[in-house]
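Dear colleague,

I am passing on the structure below, together with some notes on what turned up when it was examined. Please read the notes with the model open beside them.

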Amino acid sequence: QVIKCKAAVMWEANKPFSIEEVEVAPPKAHEVRIKIVATGICRSDDHVVTGGLVMPFPIILGHEAAGVVESVGEGVTSLKPGDTVIPLFIPQCGECSACLNTKGNMCIKNDIGSAAGLMADGTTRFTCKGKAIHHFIGTSTFTEYTVVHETAAVQIDSAAPLEKVCLIGCGFSTGYGAVLKTAKVEAGSTCAVFGLGGVGLSVIMGCKAAGAARIIAIDINSDKFPKAKELGATDCINPKDFKEPIHKVLVEMTGYGVDYSFEVIGRIETMTAALASCHYNYGVSVIVGVPPAAQKITFDPMLLFSGRTWKGSVFGGWKSKDSVPKLVADYMKKKFVLDPLITHTLPFTKINEGFDLLRTGK
């Protein structure tokens, strides 16, 4: 049956979300329809609103969520109605080169690169006012019901608090994994974290879990420092407090630069600054923030020739279906906290207020 429910539709760029009644079609073969219980707001959603991440409109955004399977399409074997799940914006088909390689996690079935905004068969499951509405990176969680491919959802512990573990669907896992999976930070290391939003704070938690001796947190909003310290930052610096470029400040603070740096903002200036701030010979710099559309980086190749490593990390390098249930289990065992990442809890209809809070750094 078609379900009518509320969704936050983005009709065009740089406009507020519009709460509309939408029709959500039943799942087709190998698809599942999920009742969304909780969803987080992530900067990547806002990048679509501002044009930094190019997607087709109209669209239902949202990709960090948790919910319950309402119905399943033909041939679905891994999930059944009533299962508690987290949707996966990086699916895991188990068959492509990235899924089969132990080092890979960016399944070919993802819709980040192609940005088609459609299901695998080239159609959408959302209609509003007679118009087809696009999906967002295979998840679309700013709606009471969504439809995803079977490879893009995984069952988790039904006892988990969904309003907290929804963060494992993106922000927490992305930051924590960038440290443990992508960079593989060792005990005793010195790390620098550029950007102290939810993902940056999760990077700090990862550095602490890895046993880093020094964790330098960097943000132009000093209001973010107390929480960074609470989660493990040893130093907090605001680039606005210095005359010289931030990479020089970091090199002076550490002698030769940090062992590991993480760019968790999505700005090309901070990406090159993070690269230049790590050790000239064995430093590793990881790009975690979504790069802005149509912008190119220019940098001195000597930065890499001397031995540095520059890496990217999508969803923290985790294979999604394998890792998300384990991360939820770790949360239930209190191996890490999620509460400090949650600043506000709002009813769905106040989604625009939530984005205002994000944009003002609150």
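Which strands does helix α7 lie across, and at about what angle does it run to β12? In this model, which is predicted, helix α7 (residues 246-254) lies across β11, β12 and β13, and its direction makes an angle of about 160° with β12.

The strands named here belong to an open sheet of six, with parallel pairing and the order β13-β12-β11-β14-β15-β16. Because β13 (235-237) and β16 (309-312) are at the edges and have a single partner strand each, one side of each is left without a neighbour in the sheet. From one strand to the next, the twist averages 15°. Within this sheet, β11 (residues 190-194) and β12 (residues 214-218) are paired in the parallel sense over five bridges, and Cys191 has Ile215 in β12 as its bridge partner.

As for the overall division of the chain, the domain assignment gives domain 1 as 3-171 + 317-360 and domain 2 as 183-312. The centres of the two domains, taken over C-alpha atoms, are separated by 28 Å, and the contact takes 11 residues from domain 1 and 13 residues from domain 2. Between domain 1 and domain 2 an area of about 870 Å² is buried, and carbon and sulfur atoms give 65% of this area. On the domain 1 side, Gly171, Pro340 and Leu341 supply 48% of the area buried against domain 2, which is more than any other three residues supply. Zero salt bridges are found across this interface by the rule applied.

The UniProt record, in an unreviewed entry, lists residues 29-156 as "domain: Alcohol dehydrogenase-like N-terminal". Over residues 29-156 the chain is 9% helix and 30% strand, with the end C-alpha atoms 22 Å apart.

Phe57 and Pro58 are joined by a cis peptide bond, with omega at about -10°, and Pro58 is found in the loop between α1 (43-50) and β4 (59-60). Ala115, although it is not a glycine, has a positive phi of about 50°, and this residue, Ala115, lies in the loop between α2 (97-100) and β7 (126-128).

With kind regards

How values were computed
Residues numbered from 1 in each chain as written. Predicted model: local features only at pLDDT ≥ 70, side-chain atom pairs only at ≥ 80, totals over all residues. Heavy atoms only, no water. Pairing = 2+ DSSP bridges. Helix = DSSP H or I, 4+ residues; strand = E, 2+ residues; numbered from the N terminus. Axes fitted to C-alpha atoms, helices over the stretch in contact; angles between N-to-C directions. Contact = heavy atoms within 4.5 Å. UniProt positions renumbered as here; feature names shortened; annotations may be inferred. Domains from an automatic or database assignment. Buried area = accessible area lost by both parts, 1.4 Å probe. Salt bridge = Lys/Arg side-chain N within 4 Å of Asp/Glu carboxyl O.
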